[in-house]
Amino acid sequence: MQRGRWLIYFVLVIGALVAVVPFFYTVSVSFMNLTEATGGAWLPKAPQWGNYQRAWTQANFSLYFWNSVRIAAITLSGELVFCVLAAYAFARMNFWGKDLLFTLLLATLMLPEAVTWVPNFIAVSWLGRLSPIPWINNWPALTIPFMASAFSIFLLRQFFQQIPNELWDSAQLDGAGHLRYLLRIMAPLSKAPILTILLFGFIASWNALAWPILVTTTPDWRPISYGLLSFLDEAGTQFHLQMAGSVITMAPVVLLYFFTQKTFIEGIATSGLKG
């Protein structure tokens with residue numbers, strides 16, 4: 001029994017090191033000069049605090065950071081509306097073809113992301129020609145295709161199914177319809193899973209790179225991940241500045257998870273338990 005416990009601790013320590021060491025190395029290199037960064041050093045001899053200012057200025061991070069904030073805010077707003085409504089419909093409403101549609105929705109989780117780029121690009125290009133505002137090189141192409149996440153709908157649907165049916169019966173006696181029941185009862189009880197899907201959505205939106213490059217040709221709406229490419233030049237990679245830019249890029253995600261980790265873990269633990 002004692003030997004098994006030590007084995008579990010050993011595996012956990014190894015897992016923690018695998019997660020922490022790359023993060024530590026990134027932060028450490030961000031304070032080095034170029035010679036130390038390319039020489040394989042693990043700690044800087046003298047911290048170069050100016051790397052962050054240089055990275056922010058050289059990569060035009062002020063523009064890309066603001067673009068990412070806008071893209072994430074628009075995407076999460078749409079995801080909150082569409083995913084909550086779709087999950088409620090799959091969990092609490094009966095309609096023809098519900099099981100088939102939900103199966104098809106889950107099937108999309110098996111598709112590699114790259115497979116969807118071409119049809120999504122054709123769709124946003126065609127819709128952009130019909131819209132009064134352009135979609136390419138604008139926020140619609142960067143946000144609308146991601147406002148309905150199959151994983152988010154699945155997670156919320158699983159949680160909604162766990163809420164007792166007696167609450168719906170009581171709401172009906174008070175004259176509440178589906179929308180009122182969702183807003184007044186279901187949503188307040190589902191803060192943990194809703195926050196979880198918003199956190200996942202924020203991370204996906206914040207880290208996006210391939211799709212924004214595909215649908216934008218100017219920096220006006222390109223996200224912060226694109227700014228990291230500014231440190232690749234003909235003379236080689238400015239490794240120390242790239243690591244400083246990486247720390248700036250991942251800081252909002254780390255801080256957001258730090259303040260929401262309790263609710264996030266609760267949302268994962270209480271969702272997806274019922275088929």
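Biologist: At 17% relative accessibility, does Gln 242 count as buried or exposed?

Modeller: Buried means under 20% relative accessible area, exposed over 50%, and partly exposed in between (1.4 Å probe, protein chains only). Gln 242, at 17%, therefore counts as buried. The model is a predicted one, in which local features need pLDDT of at least 70 and side-chain atom pairs count only at pLDDT 80 or more, while totals for chains, interfaces and linings use all residues. Residues are numbered from 1 along each chain as its sequence is written, and side-chain values use heavy atoms, with hydrogens and water left out.

Biologist: In which helix does Gln 242 lie, and which residues does it touch?

Modeller: Helices (H or I, at least four residues) and strands (E, at least two) are DSSP runs, numbered from the N terminus. Gln 242 belongs to helix α14, residues 239-269. Contact means heavy atoms within 4.5 Å. Setting aside residues up to four places away in sequence, Gln 242 touches Leu 228, Phe 231, Leu 232 and Thr 237.

Biologist: How many helices and strands does the protein have, and what are its overall dimensions?

Modeller: The secondary structure comes to 14 helices and two strands. Along the principal axes, the C-alpha trace spans about 70 × 65 × 30 Å. Of the 275 residues, 36% are buried. Among contacts between residues at least 6 apart in sequence, 71% join residues at least 24 apart.

Biologist: Which residues have the most contacts inside the largest nonpolar core?

Modeller: A nonpolar core is a set of buried Ala, Val, Leu, Ile, Met, Phe, Trp, Tyr and Cys residues joined through side-chain atoms within 4.5 Å. The largest one here has 23 residues, and those with the most contacts inside it are Tyr 88, Leu 156, Phe 160, Tyr 181 and Met 186. Two or more residues each come from α4, α5 (98-107), α8 (150-160), α9 (165-173), α10 (178-189) and α11 (191-207). A second, separate core of 18 residues includes Ala 72, Phe 202, Trp 206 and Ala 244.

Biologist: What does Ala 87 touch?

Modeller: Ala 87 is part of helix α4, residues 61-92, and counts as buried because its relative accessibility is 0%. Beyond residues up to four places away in sequence, Ala 87 touches Ile 153, Leu 156, Arg 157 and Phe 160. Phe 160, with neighbours within four places likewise left aside, has contacts that include Val 84, Ala 87, Tyr 88, Leu 182 and Met 186.

Biologist: Where is Asn 60, and what is its phi?

Modeller: Asn 60 is placed in the loop between α3 (50-58) and α4. Its phi is near 55°, a positive value in a residue other than glycine. With a relative accessible area of 34%, Asn 60 is partly exposed. Asn 137, in the loop between α6 (117-130) and α7 (139-143), also has a positive phi, near 65°.
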